[in-house]
Amino acid sequence: MVALAGPPASAQVIAKRRIAMATTFDEGAVYHKGQELSVERAEALIRSSEEKFERTARDALIDFVAELRTAGCEPVASGLVAGSGKALPSLASILKSHALVHTAEGELYRRVLVRASEACRIPVLPVPEKELEARAASALGIRPAELPVRLAALGKASGKPWTKDQKESALAAFVALATGQRSG
């Protein structure tokens, strides 16, 4: 999670956190683990894991929002890096394809984050990964080629860590911040 505050063109990171929904690969990679099980047992594992992840994400987001509010910041929107939006096939088909297993796990975690944001009454703005840079550049009023410099400055000001997923989260946050300001 990366929280930005201010007008999009000059927004700064005010907080960042990681939500640890799982502590081991087997616990978190439930579709991978499901490949070792019958479809029925895999479905039960995925469903129970998703419920657990949702509780964990919701609780972490509640704490994060409370911290932001204590600092005088009111969340206006949540930007989420989204996948392609294509519907996934049946679970049986997913479990037969390593590529689909990865896609399904990404979608599972996105669903969890959307529901956690909705539980905190924060509107969610999905930003397709393929559009992320163009939409963030537009929100910032800069060319896409200027994004690396802007992200580097943002990361330097916010301190380490500043990983790829945090950079992508910041880009989605710029889009959400700009959209929230236009609608609010």
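# A walk from Glu50 through the structure

The side chains of Glu50 and Arg111 meet in a polar contact of 2.9 Å. That is where our tour begins, and please keep in mind along the way that this is a predicted model. Glu50 sits in helix 3, which covers residues 39–70. Its relative accessibility is 11%, and because buried means under 20%, Glu50 counts as buried. If you set aside the neighbours within four places in sequence, Glu50 is in contact with Leu108, Arg111, Val112 and Arg115.

Let us look at the helix that carries Glu50. Helix 3 is made of 32 residues, and from its first C-alpha to its last it reaches 46 Å, close to the 46 Å expected at 1.5 Å a residue. Which residues of helix 3 are buried? They are Ala42, Ile46, Ser49, Glu50, Phe53, Ala57, Leu61, Phe64, Val65 and Leu68. These buried residues pack against several other elements: strand 1 (2–5), strand 2 (12–16), helix 1 (25–28), helix 2 (30–34), helix 4 (91–95) and helix 5. After helix 3 comes Gly72, with a positive phi near 85°.

The structure holds 1 aromatic pair. The ring centres of Phe53 and Tyr109 are 5.2 Å apart and the ring planes lie at 20°, so the pair is stacked. This pair links distant parts of the chain, since Phe53 belongs to helix 3 and Tyr109 to helix 5 (residues 98–119), 56 residues apart. Are the two partners buried or exposed? Phe53, at 1% relative accessibility, counts as buried, while Tyr109, at 21%, counts as partly exposed.

Staying with helix 5, we come to Glu105, which has its place there. Glu105 is buried yet has no salt bridge.

Now for the charged pairs. Side chains of opposite charge can pair when their charged atoms come close. How many salt bridges does a search of the whole structure find? The search finds 12. One of them joins Arg17 and Glu67, whose closest N and O atoms are 2.4 Å apart. Arg17 lies in the loop between strand 2 and helix 1, and Glu67 lies in helix 3, so this pair ties together parts that are 50 residues apart in sequence. Arg17 counts as partly exposed at 34% relative accessibility, and Glu67 is partly exposed too, with a relative accessible area of 35%.

Another salt bridge pairs Asp165 with Arg18, with the closest N and O atoms 2.6 Å apart. Here Asp165 lies in helix 8 and Arg18 in the loop between strand 2 and helix 1, so the pair ties together parts that are 147 residues apart in sequence. Asp165 is partly exposed, with a relative accessible area of 35%, whereas Arg18 counts as exposed at 52% relative accessibility.

Arg143 and Glu146 form a salt bridge as well, their closest N and O atoms being 3.0 Å apart. Arg143 is exposed, with a relative accessible area of 54%, and Glu146 counts as partly exposed at 31% relative accessibility. Salt bridges that share partners also join Glu50, Glu54, Arg111 and Arg115 into one network. That brings us back to Glu50 and Arg111, the two side chains joined by a polar contact of 2.9 Å.

Most residues other than glycine have a negative phi, and most peptide bonds are trans. Arg121 has a positive phi of about 60° although it is not a glycine. You can find Arg121 in the loop between helix 5 and strand 4 (124–128), where Arg121 is exposed with a relative accessible area of 76%. The other spot is the peptide bond from Lys160 to Pro161, which is cis, with omega near -5°. Pro161 lies in the loop between helix 7 (147–158) and helix 8 (164–183).

Technical notes: Residues are numbered from 1 along each chain as its sequence is written. This is a predicted model: local features need pLDDT of at least 70, side-chain atom pairs count only at pLDDT 80 or more; totals for chains, interfaces and linings use all residues. Side-chain values use heavy atoms; hydrogens and water are left out. Helices (H or I, at least four residues) and strands (E, at least two) are DSSP runs, numbered from the N terminus. Buried means under 20% relative accessible area, exposed over 50%, partly exposed in between (1.4 Å probe, protein chains only). A polar contact is a pair of N or O atoms within 3.5 Å; within protein, one must be able to donate a hydrogen and the other to accept it, and residues adjacent in sequence count only if both atoms are side-chain atoms. Contact means heavy atoms within 4.5 Å. Rings of Phe, Tyr and Trp (its six-membered ring) pair if their centres lie within 6.5 Å; planes under 30 degrees apart count as stacked, over 60 as edge-to-face and the rest as tilted. The expected span of a helix is 1.5 Å times one less than its number of residues. Lys and Arg count as positive and Asp and Glu as negative; His and the chain ends are not counted. A salt bridge is a side-chain nitrogen of Lys or Arg within 4 Å of a carboxyl oxygen of Asp or Glu.
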